Amino acid sequence: MENINWIALGVASLATLVVGFIWYHPKVFGTIWMKEIGMTEEKAKKANMPLIFGLSVVLAFFISFFIVTIVFMGGPPDMPHGTAPYLTFKHGAAHGTMLGLFVILPVIVTNGLYEQRSFKYMMVVAGYWIVTFALMGGIINGWV
């Protein structure tokens, strides 16, 4: 793990915004998401977007650093992750997907149940993170 590609972590962090711009676009899931949380265009326009985007990228960087530790620390002793056979976009995307499915999905759904959110809301938000983590893992692992 001594050879962390910091540029890859930065790009993976910015990828969260790219996926978000697509995922939450009104023609994809944005309209559903806004309806399910009771967001209006007027309320959205009042948000401090530079602060939100900036903090989101910083937090995504924390996530990307965690993903790199997961991807590079596993595997059998004679062929640990972070070595040639595992350094592919596909392998990193698999780790990101598993993290999304087995950590993020349960957290989002559990919170959604207690907050009495709709199933649509839970699936839109969890789906975003699963796709985003897959992309982040792929970028981090494939760009060594």
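Helices α1 and α6 run roughly antiparallel to each other, which is to say at an angle over 145 degrees. This is a predicted model, where local features need pLDDT of at least 70, side-chain atom pairs count only at pLDDT 80 or more, and totals for chains, interfaces and linings use all residues. Residues are numbered from 1 along each chain as its sequence is written, and side-chain values use heavy atoms, with hydrogens and water left out.

**The α1–α6 pair**

- α1 covers residues 6-23 and α6 covers residues 119-142; helices here are DSSP runs (H or I, at least four residues), numbered from the N terminus.
- The two pack at an angle of about 150°, and their axes sit 9 Å apart (axes are lines fitted to C-alpha atoms over the stretch in contact, and angles run from 0 to 180 degrees between N-to-C directions).
- Their crossing is right-handed, with the near helix turned clockwise from the far one by less than a right angle.
- Contact means heavy atoms within 4.5 Å, and on the α1 side the residues include Ala8, Leu9 and Trp23, while those of α6 include Val124, Tyr128 and Ile140.
- By class, this contact has 14 nonpolar, 4 polar and no charged residues (Ala, Val, Leu, Ile, Met, Phe, Trp, Tyr, Cys and Pro count as nonpolar, Asp, Glu, Lys and Arg as charged, the others as polar).

**The lining of the largest pocket**

- α4 (49-73) is one of the helices that each supply at least two residues of this lining.
- With 7 residues, α4 gives the most.
- The lining residues divide into 18 nonpolar, 4 polar and 2 charged.

Terms used:
Angles under 35 degrees count as roughly parallel, over 145 as roughly antiparallel, 65 to 115 as roughly perpendicular and the rest as oblique.
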